[in-house]
Amino acid sequence: MSWLSSSQGVVLTAYHHSSKDRAVGESHGQGGEEATSSRRYGQYTMNQETSKAKEKPPFDRSSSQDSVDELSSMEDYWNEIDDIKKSSENRQDQEVVVVKEPDEGELEEEWLKEAGLSNLFGESAGDPQESMVFLSTLTRTQAAAVQKRVETVTQTLRKKNKQYHIPDVRDIFAQQAESKEKAPDGTESQSARTNENKHQGKDDPESSLVVGEKKLTPLVPVEAPASVTDINLEVSFAEQAVNQKESSKDRTQRNKGNDVPLLSFRLPKDKTGTTRIGDLAPQDMKKVCHLALIELTALYDVLGIELKQQKAVKIKTKDSGLFCVPLTVLLEQDQRKVPGTRIPLIFQKLISRIEEGGLETEGLLRIPGAAIRIKSLCQELEAKFYEGTFNWESVKQHDAASLLKLFIRELPQPLLSGEYLKAFQAVQNLPTKKQQLQALNLLVLLLPDVNRDTLKALLEFLQRVIDNKEENKMTVMNVAMVMAPNLFMCHAFGLKASEQREFAMAAGTANTMHLMIRYQNILWTIPKFLVNQVRKQNTENLKKDKKTVKKLLKKMAYDREKYDKQDKSTNDADVPQGVIRVQAPHLSKVSMAIQLTEELKASDVLARFLSQESGIAQTLKKGEVFLYEIGGNIGERCLDDDTYMKDLYQLNPNAEWVIKSKPS
C-alpha cells in the first residue's frame, strides 16, 4: 500500500507471546501454527521484530499516540492479517488501470475544485465574485490554506503556458479584503468589525492574515481557555491548533506523553442546538463540505502534516452482484428493490444475521469462519440473494462476521473513500487525541453519502458488540484491532510496506479505529463554526440578491420605498415581538403562536402541538416529526430537542418555524 511517508509520533512495541495468547491463536484453526511461530504479513516477520525491539532503549512516549499499554496486545491485529491473507489467496484480482501520477499542481487544482473554488482559475475563471463571498467567511488559517493552493496552481499553469486566465493570488485576496472595507448597503463596516474583534479578543495584529497590503481578519474568534474535556465546536479547529502552539509550548514540553485521557472527551451543550449530519438542507450541506475540506487542510498545515488527496485509481469493476461492486452501484440496484434504502441490503442482512446469533458469543468478529465455506457462501449469495432463495439458516454466526469483513475489504474503493484514505491514515500523526478527533470529524463530513451512511451503520453495530464485552470478551480495543486492517487497507492501492512502517500503521490505525468507535457521536456532529460560516455566506448572498432585485425594480420604475416596506412586512407578519408563529401543516393544529421565554426548548414546542393530537396519533407522531428552522440565514435545519428557541431566534430572527417529518 502507498503508505504516508510521515509516521512521526507513533509508538512501537514488540509483542510477547504468552501461553494463553498462543492457545487463542491456535484455536483459530488453520494458520494457528503460522500465527505463533512466524507472525508474517508482506515483508514483516513478527519474531524478528520482537528481538530487535528488545535491544532498543525504552521509547519515549509522545502525546501523538497512546502508549501500547493501551494496545496491550497486537495479537488480534496480526491474526486478522493472517485471515485476510488466506481469504485473498483464492481471490481473483480486479484489474487496476495504472494512471499517471499527478503533479502537485494537478492535485492542488483538484483540491480547489473539491473546495468549491474552481472558478478562481482555468476556463471557468473570469469574474471571481461568486467566490468572494465564500472567501470573506474564511478564518485566517483557512484563507492561508486556500492561498497556498492557489499559488501552487498559478505557478503550474504558468509553467504549462495555459491560454486561459491565470489569476494573481494577491488580486483574489485583495478583492476579498476590499469588499470588507467598502461595507456597502448595510454590510458590516470596518469600524464595526474592529469593535467586534476587540470584543472577541482579536485586537492583536498577529490574528490577521496579511496578503499584499491587505489584512484578512478571521470571522471566527480564537479559542478561549476551556476545559480540556470539551470538544470545542464553536471555534475553527485550525485556529485552536494555532492558539495551542503559540500559548502552550512550555506546557507541552512539561507534559510530554501525558495526553488527555481517552474517556474524557465530551460534546458541550449548545443553546442554539447541536447540528448533526442529516439535519441540513442539501445546498447548505454542500457548503459545509467545501468548508470542511479547507478546514481539514488548514489544520494539517498548521500541525505540519502533509495532506495529499489520493487520486482515485481506475479499477475495472463489476456492474452488478454483491462483492467487489462499488457502493454507489450496489445502492442503485438495491433502491430498485427497496426504494429509499441508504445502506446496501447485503450489508444490513449480514449484520442482522450476526445479531440473530446473539452478541454474547465469545470471540465474535475475532474468530474467522472456514475459508472454503466462506468462498462457497459468497458464490451462493451472488446467485441467490436478490432472488430471495438464499438459505440464511445455513450461515453460521462466525461465517456471517467473516463475510461482513470480506464485503468491506473487497470494495473496489475503500469504505473510507479512495480520495481520503490517506488522510484517515495520517490522523495517527496528529499531536493530540483531541486534534485526531477533530480531523476525524471533518473527514466523516467529507465522505460520500453512501460511504458515510454505511460507516455509521458499521460503527453502531460494533458498539453493540462492545456493549456485550463481559460475555463476548471483545473490548473496544479488541474490536478496533480486528476491524482496522479491514478498513485501512485497500488491495487496489497495494499491500506492501516496510516492516517498521507496517508495525507503526498497525498501532496507529488501531488507535484511530478506537477513536471512531468510541466517539462516533462526536464525529457525526457538524461543528458550529462551520454552520456559522454557512449562515454568513447565506446572509451575504441574500444581500447581494436583494440588491440585484432592487436594481431591477428601479429600472422597471417601481416604487423602491414601497418594495422595502413590503419586504419588511413579510418578516413581521402580524406576530408581536418575542413571539414566533410555528406552522404544522400535517398535524391537527396547523399553526400556533408561541411566546419565547428563556427556558423554552424545541421539545416544548413539539409537545404543545402533539398534545392536540388524539391518543393513537400522538404516539405515532412522537419521534417522527421535528421542528425545523427554515429560511433567514439558513436553508433548512432540523432542531434537536434541547435547542433553546429564544437563543436561536436571536441568531436567525427571519427564519420560519415548521413542524414536519424528516425526509427519508
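How many Å should the 13 residues of helix α22 span?

## Helix α22

At 1.5 Å a residue, helix α22 (residues 476-488) should span 18 Å, and its end C-alpha atoms lie 17 Å apart, which agrees. The expected span is 1.5 Å times one less than the number of residues; helices (H or I, at least four residues) are DSSP runs, numbered from the N terminus, as are strands (E, at least two).

This is a predicted model, in which local features need pLDDT of at least 70, side-chain atom pairs count only at pLDDT 80 or more, and totals for chains, interfaces and linings use all residues. Residues are numbered from 1 along each chain as its sequence is written, and side-chain values use heavy atoms, with hydrogens and water left out.

Take a look at V482: α22 bends there by about 30 degrees, with the proline P485 following within four residues. The bend is the angle between axes fitted to the seven residues ending at a residue and the seven starting there. Of the 13 residues in α22, 13 are buried (under 20% relative accessible area; exposed is over 50%, partly exposed in between; 1.4 Å probe, protein chains only).

## Salt bridges

The whole structure holds 24 salt bridges (a side-chain nitrogen of Lys or Arg within 4 Å of a carboxyl oxygen of Asp or Glu). One of them pairs K405 with E80, at 3.0 Å between the closest N and O atoms. This pair links helix α17 (residues 397-409) to helix α5 (residues 75-89), 325 residues apart, and both partners are buried.

Within helix α15 (residues 345-356), R353 and E356 sit 3 residues apart, about one turn, and their side chains form a salt bridge at 3.0 Å, N to O. R353 is buried at 13% relative accessibility, while E356 is partly exposed at 47%.
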